[in-house]
Amino acid sequence: MKVIMVDDEILALEHLKSLIDWDTLGYELTGCFTNPKKALSFAIENKPHLLIADIRMPIMDGLELARQSQAAGLSPRIVLLTSHKEFEYAKEAMKLGISDYWVKHETDAPTLARELERLRKELLDASEVRAAVRKQLLGELLAGRTLTPDQWRTIAGDRANAETLRLLAVRKDKPLAVIPEAAAFGGGAAPLEPGPPEEAEDEDDCLAPVASLVAGDAVCVLLAMRGTRSELRARERLHAVADRLRAAFERLNGGRASVAVSSPVRDWRKLPEAYAEASRLLERSAFGRYGGVLFQDDETAPAAPQPDGRGPDAEPHLAALDEAVRRRDQAAAAEAINRLFASLSAAGDLAALTESCRRLVATLNRLGAEGGLPSVAQSWNEGRIDARRWMRPDDVRAWFLERYELALNATGSAAAYSRKVRQALDYMRERYAEEVTSDAIAEHIGISKDHLRHLFKEETGETVLDALTRIRIDEAKRLLRDGSLKIYEIAERVGYRNGQYFSQVFRKATGMNPLEYAERRE
């Protein structure tokens, strides 16, 4: 709690300063003045929580100081000091809303500590109430309710006349709705405060938080920005604030998150439009930079749907896939899927992507049923699908490529492999990220471990461990080509808890270490 003290008697100031340990009680003496006018200027600049002033001073008495502080938009708790119990001064003080009135010679250390402890509790309670009111009013404003200028000033306080406002919305990255169940995966958002104002190197460059609130599964933070000489510098500082907000959100909520930054808002009445813009940007975040900061006018921003409302023409690619599936042509199926997702990603149309995924899943389920594979929904319900593989269109594309290859192999090799071997391969492809053992596979498909080893080797020509390693290394290659994860993260994703051991296995399988493979892809 910041405190300013004003008394024309320097000895009185020194006495109050030395009576107690202010820091221990949660106060910071930011300024002590014998000149009330200098104290007022300092208060306007530093916005104290508590102002302690002598009631009788030359130039400007304590009551006039209180009046001018309120006129300047300040709202500290004000304590007046006097040498006498003067009734007329007390009456005037009550009219100004000043309820604390201390007699100097009666203020000893225990009394001062007790009064300050009481004031601190009142200040904290009042601060919590003001914060709750600001959140409620900001929520109503963003929802489209018309507020009065006074209500806006309640939200923004001394930043109500800020030159520029920016609305930031941060949300946990969600899996794309490959199946309806995935759309609800992830949960809500914990409350989050944006922290103190940015330290400005000069007065022309300043960002300050106004208010924040939880809106659905996102946290919205309103920032006020003072004018700056450099647009590039302003953008850099705004990006840094947004990135810290995203990191704080991730610590509270887990997983990865994206933060959308609205266009500059010059009139606070336009904030509902800024909120709608940030929300649309978040909804399309899968098409942009993964786990990052998104600006509407940034080259990395997700592509917006076409203005005429027409989505990408997915039909030719879906028809080509159906024909490839009918002919059991893996290469043609992969080409059709790649072309489909290239079209969907370029369009940035979430609805078109969702509908295409629904049709891909339906075809995949029909194909898988012929090879004895579980449906996608069944695999999801049994916990055999990692939702992190559906975060971006490229993730989903790679997943569909793998699943279609699996399904086409299952139907194409039905005569070559027995049902038990197909089940063992399916189990390994679904659970390669876990600690998979021959015992677990054998138990899952209902045969003994020895029988599994013999049958698997006889039909496939490789051991169970060799097959599992091949599946893991193939997935690691895909993730390394993607380039969005660190090597130790990829090791964990494909079932290796020890990064060094993963590198050894990868080198043995490919002839190079993971870093060399990742660099070669470039």
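Six aromatic residues, Phe-341, Trp-380, Trp-390, Trp-399, Phe-400 and Tyr-404, come together as one aromatic cluster. Keep in mind that this is a predicted model. Several of those names turn up again in the largest nonpolar core, where Phe-341, Trp-390, Phe-400 and Tyr-404 touch the most other members.

**The largest core**
- This core has 39 residues, and the elements that give it two or more residues are α10 (315-326), α11 (330-347), α12 (350-370), α13 (376-381) and α14 (393-412).
- Helix α14 hands over the largest share, eight residues.
- Take Phe-400 as a way in: leaving aside neighbours within four places in sequence, Phe-400 is in contact with Val-178, Ile-337, Phe-341, Cys-357, Leu-360, Val-361 and Leu-364.
- Apart from this core lies another one, made of 33 residues, and its members include Phe-456, Ala-467, Phe-502 and Phe-506.

**Aromatic pairs**
- Searching the whole structure turns up 12 aromatic pairs.
- One of them joins Phe-341 and Phe-400 in a tilted arrangement, 6.3 Å centre to centre with 40 degrees between the planes.
- That pair ties together distant parts of the chain, since Phe-341 sits in helix α11 and Phe-400 in helix α14, 59 residues apart.
- Both Phe-341 and Phe-400 are buried.
- Phe-506 and Tyr-517 make an edge-to-face pair, with 5.6 Å from centre to centre and 75 degrees between the planes.

**Helix α1**
- In α1 (residues 10-19), the buried residues are Ala-12, Leu-13 and Leu-16.
- Looking down the axis of α1, those buried residues fall within an arc of 100 degrees, so they line one face of the helix.
- Turned away from that buried side are the exposed residues Leu-11 and Ser-18.
- The cover over the buried residues of α1 includes β1, β2, β4 (77-82) and α5 (109-142).

**Helix α2**
- Helix α2 (residues 36-46) buries Pro-36, Ala-39, Leu-40 and Ala-43.
- These buried residues also fall within an arc of 100 degrees when seen down the axis of α2, so they line one face of the helix.
- Lys-37, Lys-38 and Glu-45 are exposed on the other side of α2.
- Among the elements covering the buried residues of α2 are β1 (2-6), β2 (28-33) and α3 (62-71).
- At the start of α2, a side-chain oxygen of Asn-35 comes to within 2.9 Å of the backbone nitrogen of Lys-37.
- After α2 comes Lys-47, with a positive phi near 50 degrees.

**A glutamate in a loop**
- Glu-462 sits in the loop between α17 (449-460) and α18 (464-482).
- The side chain of Glu-462 makes a polar contact with the side chain of Arg-470, at 2.7 Å.
- Not counting residues up to four places away in sequence, Glu-462 touches Phe-456, Lys-457, Ala-467 and Arg-470.

**Cysteines**
- There are zero disulfides in the structure.
- Cys-220 is buried, with a relative accessible area of 1%.
- Cys-357 counts as buried as well, at 2% relative accessibility.

Note on methods:
Residues are numbered from 1 along each chain as its sequence is written. This is a predicted model: local features need pLDDT of at least 70, side-chain atom pairs count only at pLDDT 80 or more; totals for chains, interfaces and linings use all residues. Side-chain values use heavy atoms; hydrogens and water are left out. Buried means under 20% relative accessible area, exposed over 50%, partly exposed in between (1.4 Å probe, protein chains only). Helices (H or I, at least four residues) and strands (E, at least two) are DSSP runs, numbered from the N terminus. The arc is that of the directions from the helix axis to the C-beta atoms. Contact means heavy atoms within 4.5 Å. A polar contact is a pair of N or O atoms within 3.5 Å; within protein, one must be able to donate a hydrogen and the other to accept it, and residues adjacent in sequence count only if both atoms are side-chain atoms. A nonpolar core is a set of buried Ala, Val, Leu, Ile, Met, Phe, Trp, Tyr and Cys residues joined through side-chain atoms within 4.5 Å. A disulfide is a pair of cysteine sulfur atoms within 2.5 Å. Rings of Phe, Tyr and Trp (its six-membered ring) pair if their centres lie within 6.5 Å; planes under 30 degrees apart count as stacked, over 60 as edge-to-face and the rest as tilted.
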